[in-house]
Each structure stands twice: as structure tokens, then as C-alpha cells.
Amino acid sequence: MENFTPYSALIGGGLIGLSAVLFMLMHGRIAGISGIAGGLVMPVAGDWQWRLAFVLGIIAGPLVYTGLGGQLPAISFPVSTPIGLIAAGLLVGFGTRLGGGCTSGHGVCGISRLSVRSLVATGAFMFTGFATVFVIRHLIGG
Amino acid sequence: MNKLISAFVVGIIFGIGLTIAQMVNPAKVLSFLDLAGNWDPSLAFVMGGAAGVAAIGYRLVWRRPQPLFEGAFQIPTRTDLDARLIIGGGLFGIGWGIGGLCPGPALATLALGYSEGVIFVLAMFAGFGLFELYDRSRPRPAAGTA
């Protein structure tokens with residue numbers, strides 16, 4: 001567990017939570033990234049601008065952080081082949097929309113509301129996430 | 001205009017949170033998902049910290065009659081458990097376990113110069129599009145958000 005970073009995890013997580021609260025205060029919605037970004041694919045008149053603004057904000061976030069003097073963490077992609085990335089992206093895109101949420105909408109916002117649907121969805125993606133890594137790293141790659 | 005600026009600023013705070021929490025690093029996310037390996041529990045602290053702040057903050061916000069820029073709160077009300085919820089969550093977890101990226105962190109990597117992040121995000125949006133096609137081909141109650 002030498003890579004365990006509890007303090008930066010709690011601070012970063014707290015900021016994610018703060019963002020979700022501010023979004024509820026101003027826009028009255030759950031800050032679910034898959035739902036917000038997914039709504040850009042078939043845009044509805046008058047309902048896509050705020051979605052795009054939010055997505056652009058997330059993209060700009062790391063740059064603002066470095067602009068304020070912060071240092072980016074190390075970033076590496078253990079799976080970096082196009083086929084792996086495309087398979088992962090398709091599953092994440094389709095799955096989050098089918099299941100009505102991702103780590104933010106179900107995992108953070110839903111659990112904070114004690115939503116049973118979100119608890120079940122989070123259990124589902126955690127379970128298959130753990131299982132997938134186990135298969136890739138310890139059965140196939142091990 | 002206020003609505004767009006606030007959405008942008010709230011997105012920036014979200015992106016900064018993902019950066020500080022190191023969730024923009026797929027290797028770190030995968031080390032959380034690798035229970036049988038050199039396990040890194042950090043992501044549980046990210047989700048716990050975020051859900052804790054949201055749990056308290058939401059309850060304060062909901063004392064207001066309505067949000068600042070909209071006429072009413074739009075909070076999911078469904079409580080039923082259906083196959084879409086579980087299968088969708090399960091498929092998402094498989095993709096998450098392959099790449100170590102979920103939607104927010106994937107978007108946050110876009111401006112950092114990694115072609116892997118760009119390829120993943122393009123495929124993710126293709127996945128969003130496939131869902132729209134699937135959803136339109138099967139006239140059933142729409143999957144609720146969260």
C-alpha cells in the first residue's frame with residue numbers, strides 16, 4: 001500500500017463533492033458526468049449549452065490547477081493499445097448510459113442521497129471492475 | 001449567461017478535484033481495482049470524501065425552495081431495480097477495469113496531451129451514441145439518470 005494517498009484523496013474528493021453541491025444549488029441537478037456529457041450526443045435545443053460548459057470546465061480543470069501553481073500527478077495508461085482503449089471507451093459509454101450513471105452520478109451523488117438504485121449500480125460496477133482487473137492481471141497476465 | 005459561467009466554473013472545480021485526487025491517472029485507478037495485487041485504497045477515500053461533502057451540502061441546499069438558475073430541483077425519484085441498471089453498471093465496470101478511466105477523469109485528461117485519453121473519449125462518445133440508437137429501437141421507459 002505504499003501508493004496510498006489518503007490526504008490528497010480526501011481533499012480531491014471533497015472538491016468533487018463541493019462541485020456536486022454547487023451544481024445542485026445553482027442548477028438543481030445531479031452532477032453525473034455520463035448523463036451530462038451523454039446529453040451532448042443528441043443535443044436538445046436550449047439544453048446542450050450548459051452541458052458543454054460543464055464538460056469544458058472539467059477539461060480546463062487540470063490546466064487551471066497548474067496555472068494556480070499546482071503540480072499534475074504522474075499519469076500513465078497501463079492499457080494503451082487502440083483496441084483496448086476503444087473497447088474500454090465503448091463499454092464505459094454504453095454501460096453508463098444504460099445504467100443511468102457512472103462513478104459521479106451513482107457513486108458519489110447517488111450514495112450521498114442513499115439512493116437504492118445508485119447503491120446497486122455502484123455495487124455492480126465495482127464488482128465487475130474488480131473482477132475485470134483480476135482476470136486481466138492475475139489470470140491472463142499472471 | 002450566468003448559467004453557462006456557473007456550469008463552467010463548477011466543472012473546473014470538479015476537474016481540479018479529480019486532479020488533486022489523482023483520478024486522472026488510470027494506473028492509480030487500476031491499482032484500486034486490483035484487490036489481489038498491490039492494493040491502493042485511495043479511490044475509496046475520494047468517493048467517501050465526495051459523498052460525505054455532498055450528503056451534508058445537498059441537505060443544506062434542499063432547504064431552498066428552488067435552485068438559483070432553474071425553476072425546480074430535478075432529483076431522480078425512481079426506486080425500482082431493473083435489468084438495465086445492473087447490466088449497464090456491470091458493462092461500465094468492465095470498461096473501467098480495462099482502461100482505468102471513467103467519464104469524468106477521461107474528460108479531464110483531454111487537455112493534457114495524451115492520445116490514449118483522446119481515443120478513449122472518442123470511443124466513449126461512440127458508446128453514448130450506441131446507447132441512443134439502442135434506446136430508440138426499444139420503446140420502453142427511459143433509463144433514469146442516477
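**View 1. The largest nonpolar core holds 85 residues.** A nonpolar core here means buried Ala, Val, Leu, Ile, Met, Phe, Trp, Tyr and Cys residues joined through C-beta atoms within 7 Å; buried means 20 or more other C-beta atoms within 10 Å of a residue's own, with C-beta atoms placed from the backbone. Ala20(A), Val21(A), Val108(A), Ala50(B), Ala54(B) and Phe120(B) have the most contacts inside this core. Helix 1 of chain A gives the most to it, 12 residues; helices are DSSP runs (H or I, at least four residues), numbered from the N terminus. This is a predicted model, where local features need pLDDT of at least 70 and side-chain atom pairs count only at pLDDT 80 or more, while totals for chains, interfaces and linings use all residues. Residues are numbered from 1 along each chain as its sequence is written, with chains lettered from A and ligands numbered from 1 in the order written.

**View 2. Here's Val108(A) with its contacts in both chains.** Contact means C-beta atoms, placed from the backbone, within 7 Å. Skipping neighbours within four places in sequence, Val108(A) touches Ile16(A), Gly17(A), Ala20(A) and Thr103(A), plus Met47(B), Ala50(B), Ala51(B) and Ala54(B).

**View 3. Gly39(A) sits in the loop between helix 2 and helix 3 of chain A.** Gly39(A) counts as buried because it has 20 C-beta neighbours inside 10 Å. Beyond neighbours within four places in sequence, its contacts are Asp47(A), Trp48(A) and Arg51(A).

Methods
Buried ≥ 20, exposed ≤ 12 C-beta atoms within 10 Å, placed from the backbone. Helix = DSSP H or I, 4+ residues; strand = E, 2+ residues; numbered from the N terminus. Contact = placed C-beta atoms within 7 Å.
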